[in-house]
Amino acid sequence: MAREVGEWIDTLRRAQRVTVLTGAGISAESGVPTFRGEGGLWRTYRAEELATPEAFVRDPKLVWEWYDYRRQVVSKAEPNAGHSALVDLESRFAEFLLVTQNVDNLHRRAGSRSVAELHGNLFRARCTREGTIREDLPCPIPEIPPVCGCGALLRPDVVWFGESLPVEQITLAGEAARRSDVMLVVGTSAVVYPAAALPEAAKSNGAFVVEVNLQRTPISPFVDVSIQGPAAEVLPAIVDAL
Ligand code: BJW
């Protein structure tokens with residue numbers, strides 16, 4: 001590990017602008033299941049079957065049961081050493097943005113402040129009629145599916161397949177990626193767009209791109225360094241080496 005980190009760490013040391021893109025893998029060591037691969041199924045469903053507006057229209061109760069289960073898992077989970085290492089990293093650079101695809105809130109709970117949440121947040125709900133946001137739903141939710149005061153269904157305030165990402169967050173993320181001296185890409189399968197396009201945008205604008213993952217992904221062939229290992233070990237090793 002020390003050798004893998006040592007060879008390129010000077011580039012990170014010299015960087016002014018650093019962007020980190022995270023996915024479900026960074027929370028795996030907190031006990032939060034990832035979407036794809038082992039543990040990716042809930043009951044018999046894959047994420048792609050439930051994380052869609054069509055699934056919600058067809059069966060809001062089923063979709064809410066999935067989200068309520070995940071809210072409970074995440075509520076009991078704690079940020080891990082990988083999340084904490086990114087809090088440390090944030091304090092070391094003039095410009096730093098943590099772009100996350102995760103909806104689990106663990107980065108903020110760890111203490112990260114400069115965070116762009118691309119896919120929403122599990123602990124927010126949104127009225128399907130008025131668009132108002134609720135952050136006070138109990139966990140677990142007593143009656144599923146939950147309903148707004150106006151009588152319409154609430155939905156999780158997350159981004160499903162086919163839906164647009166929050167404009168401000170994806171704009172911030174794209175700008176940060178293109179301005180980066182270094183981008184770290186941590187624990188994402190890099191198959192879901194537009195988030196998956198950010199490492200390439202960074203690379204083609206001159207950034208040095210480092211991937212941290214248990215396995216190779218579609219971006220591995222073009223990144224500058226691909227470290228295969230658990231985020232909760234590799235990220236603290238990077239911070240130590242700095
Ligand atoms: C570890 C580890 C450890 C494990 N340490 N590593 C261009 C081309 C093709 C398709 C499209 C395209 N542009 C848009 C699309 C359509 C679609 C898309 O991308 N489809 C592809 C799947 C083909 N995208 C969209 O629909 C997006 N909207 C959009 O683009 O609007 C405009 C538009 C619409 C339609 C057509 C064209 C344009 C919206 C995407 C929303 C994604 N939403 C979800 C659910 C969020 C809510 C919820 O949580 O329920 O977001 S899906 C799910 O995947 C979730 C995640 O954020 C996202 C990414 O997953 P992630 O984080 O990478 O997790 P995993 O499980 O896949 O990977 C974990 C990784 O960690 C693995 O690699 C492990 O090895 C690793 N790992 N333990 C380090 N300890």
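This is a predicted model. Start by selecting the buried residues of helix H6: Pro60, Leu62, Val63, Trp64, Glu65, Trp66, Tyr67, Asp68, Arg70, Arg71 and Val74. The helix itself runs over residues 60-76. From first C-alpha to last, H6 reaches 24 Å, close to the 24 Å expected for its 17 residues.

What covers these buried residues?

Next, go to the largest cavity, with a volume of about 40 Å³. Select its lining: Thr100, Asn102, Asp104, Asn105, Leu106, His107, Arg108, Val115 and Glu117. Helix H8 (106-110) and strand S3 (115-117) each give two or more residues to this lining, and H8 supplies the largest share, three residues. By type, the lining has two nonpolar, four polar and three charged residues.

Now turn to the salt bridges, of which the structure holds 17. Select Arg155 and Glu163, whose side chains meet at 2.7 Å, N to O. Arg155 is buried, with a relative accessible area of 7%, while Glu163 is partly exposed at 22%.

Finish with Arg179 and Glu95, where the closest N and O atoms of a salt bridge are 2.5 Å apart. This pair links distant parts of the chain, 84 residues apart: Arg179 is in helix H9 (residues 167-179) and Glu95 in strand S2 (residues 95-100).

Methods: Residues are numbered from 1 along each chain as its sequence is written. This is a predicted model: local features need pLDDT of at least 70, side-chain atom pairs count only at pLDDT 80 or more; totals for chains, interfaces and linings use all residues. Side-chain values use heavy atoms; hydrogens and water are left out. On a 1 Å grid over the protein atoms alone, a cavity is a set of points where a 1.4 Å probe fits but cannot get out, and a pocket is an open set with protein on both sides within 12 Å along at least five of seven lines; lining residues have an atom within 4 Å of a point. Grid points are joined across faces, edges and corners, and a volume is the space filled by probe spheres set on the points. Helices (H or I, at least four residues) and strands (E, at least two) are DSSP runs, numbered from the N terminus. Ala, Val, Leu, Ile, Met, Phe, Trp, Tyr, Cys and Pro count as nonpolar, Asp, Glu, Lys and Arg as charged, and the others, Gly among them, as polar. The expected span of a helix is 1.5 Å times one less than its number of residues. Buried means under 20% relative accessible area, exposed over 50%, partly exposed in between (1.4 Å probe, protein chains only). A salt bridge is a side-chain nitrogen of Lys or Arg within 4 Å of a carboxyl oxygen of Asp or Glu.
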